[in-house]
Each structure stands twice: as C-alpha cells, then as structure tokens.
Amino acid sequence: MRALRYHGNRDVRIDEIDEPELRPGWVKIKNEWAGICGSGSLNAPTTPHILTGEKLPSVLGHEFSGVIQALGEGLADSRLRPGQKVTVFPVLGDRSCYWCQRDISGMCPKWGFLGYSGYGGGMAEYICVDARDVHPIPDSMSLEVAALVEPLAVAWHGVKLGFPSSEAGDSALVLGAGPIGIAVILCLRAHGISNIIVSEISELRSKQAKDAGATHVLNPLQTDVVEESKRLTGGLGCHVALECAGVQASFDAALYGVRGQGTIVNIGVFEKDVTFNPNIVNRRSLRYVGSNVYSRAEFQEVIEAVADGRIERPERMITGRVSLADGVEKGFRALITEREKHVKILIKAS
C-alpha cells in the first residue's frame, strides 16, 4: 500500500509498504481522511520507541478517520462492525501505569502517538489498531469532519480546564488563531462562552477567527491587547486566557490580560524558553494550568458535541484537501510556504 512516511526533519516521502497485519482484538481500517498536524514529528523516534519498538521512517497521521474493513479474532460480538465509519483515539500508553489506569493521557512513561511513534498512521491506505481505541461516528457525520475530532479534542480539554463550569457573561481571551486557536473558539462557543476576544497578527487568520465565532479580533501590532481586553470586560480583564501561540508576547498578554483570580490555560507549544516574574501570579491570585492532549472520555464528548450541533460547523477548519500522492507538495510544503492561509489541510488516504 502507499503511505506518507516521516524520514527525518523536513523529509516526508510517499512510500510503498506492506499492508498491516490484523491482530486478535484489533481492527483493520481503510483510512479516508487525515489532518496534517504542525507538531506531528516532535516525538518521532530516532531509536526504537519504548512502547511500539518502531523507529524512523514512520507513517504519519494521528488525526484521521476511515471505514472498518475487518475485525480481528475475538471481536465477533463487539460494538464494531465492518462498514462502520470511525475515528481513532491516537494517544498510546501501556494501559497499566498509574496514569493509564486513571485515563490521564500523555503522562504514561511509555506514551506516544499513533503515526510517528509507530503502529501505522492515518496517512496510509490502511491501519490496524486496538479495538478499544476505535470510536464509531454517527452516519450523519462526514468522514472529513471526523478527521477533525482529534484537534478539537485538544481544544475541548483546554476549554474544560479553563471553564469547569460557565456562567452568563463569562469571557475568554484566545492568544493565537492558528489551527488550535480556531478549534478553541469553536469549543468555547460550544460551552456557552459568548464574549471571546482573540489576539492574532495575520489578517487571514483574523478573518478565520471571526468566522469561527470570535466576538472581537485584535491585532497586537496595532492594538494594546491587554488594555483593550480589559476595556471590553468592564475594566477587569477576561475570566480565562487560553495561550495557543507559544511565544513570549502571547504569554505576556495572557498573564496581564486575565483578571484577578483568573485562569491561564497553556495549550500552545513553546519552541523557546519564556521569562516571567512569579510574583505576578501570587499578587493577582492567578491559576496557570498546563493542557496536555485529552482523555478518552473527552474524545467521545467531542464526537457527541459535533453530532448534536454544539460544536457548530467544524468543517470551517478545513482549508485544503489533497490526495495522498500530492501530500508532500500540496500538503506539508503548503503548510510551510502558506502557513497563514491554512487552518487544517486534509489528506485523502484512500
């Protein structure tokens, strides 16, 4: 079968590889759509992965959907059936450690992702996965939208950390309107947050944020985001700031733009160290919370929120669709050369 594989830094190739073998208790899926993730190679193993035993080159794609082709031994009476549309929970763990036993993803000492950590990925014609990780989707949901469940789950988890409960008049400051920032806006609206202030430099991404449901979109090169967000919230600042850009400027805006006793949720991935004075957190009684992936329950919550319309028109995130054969040039390279243009490029795997 054909597969897009990661061979190293900026080295993605379409290769011919063997189809995966179906194991007992696993499911064979014909992949349909897979999203390109900007952080997709951060943990790609250069030495054999501690859990999967695999190393580069690895099949890419941990945001994907498909159709069940076959069930492994022992699954004849399961909730799954051939022909069923599905998406897949992609976070790997050993299922036995302290964290896995408590459904806390991403903390297992052996953690990884389907795709770059091994076991195949969504950017191949087929994949075999553990049946416990397979989530059926309603017939009414398209397979394109199903491929968005994973990035939406990242945002959903972060929003829940910031707003364990919500009240009328709650406000949020979103720093950065890239793929995760847009997903955060959709999830904030799904949680009933109506006053959503977004900070974004790019004109194209600002328009995408507005279309996703942002109440106000501010350009930090033209507007003092901290002062304006305070003005828009009665002089207090937002209840929650969600950092989605991963740079010093957005970190500072979150720190000073949130109100006293407010919450800062760190979703963005920082490539460089940031500096700050912890006294600010103490003086203003702030909460700074790290948001890492999502739980299995939250993954299913997103499927249900899309199905019942709480997450409205998530297909707005899709800014490109390309074939597997064109995945390198029109997919990965386009995200590098036209970064501001795109939220999510999907690759047609079949």
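Predicted model: local features only at pLDDT ≥ 70, side-chain atom pairs only at ≥ 80, totals over all residues.
Colleague: Which strands does β3 pair with, and where can I see the pairing residue by residue?

Modeller: With strand β5 (residues 64–71) there are seven bridges in the antiparallel sense, and within that pairing Asn 31 stands opposite Gly 66. Strand β9 (residues 126–130) is joined to β3 by five bridges, again antiparallel, with Val 27 opposite Val 129. Strand β18 (residues 344–348) also runs antiparallel to β3, through three bridges, and there Trp 33 faces Lys 348.

Colleague: For helix α4, how far apart are the end C-alpha atoms, and what span should I expect?

Modeller: An α-helix has 3.6 residues a turn, so residues three or four places apart point the same way. Helix α4 has 12 residues (179–190), which at 1.5 Å a residue should span 16 Å, and the 17 Å between its end C-alpha atoms agrees with this.

Colleague: Which residues of α4 are buried, and what do they pack against?

Modeller: Nine of the 12 are buried, so α4 is largely enclosed by the rest of the structure; among them are Ile 182, Val 184, Leu 186 and Cys 187. The buried residues pack against α3, β11, β12, α5 and β14. Just after the helix, Gly 192 takes a positive phi of about 85°.

Note on methods
Residues numbered from 1 in each chain as written. Heavy atoms only, no water. Pairing = 2+ DSSP bridges. Helix = DSSP H or I, 4+ residues; strand = E, 2+ residues; numbered from the N terminus. Expected span 1.5 Å × (residues − 1). Buried < 20%, exposed > 50% of the residue type's maximum accessible area, 1.4 Å probe, protein only. Contact = heavy atoms within 4.5 Å.
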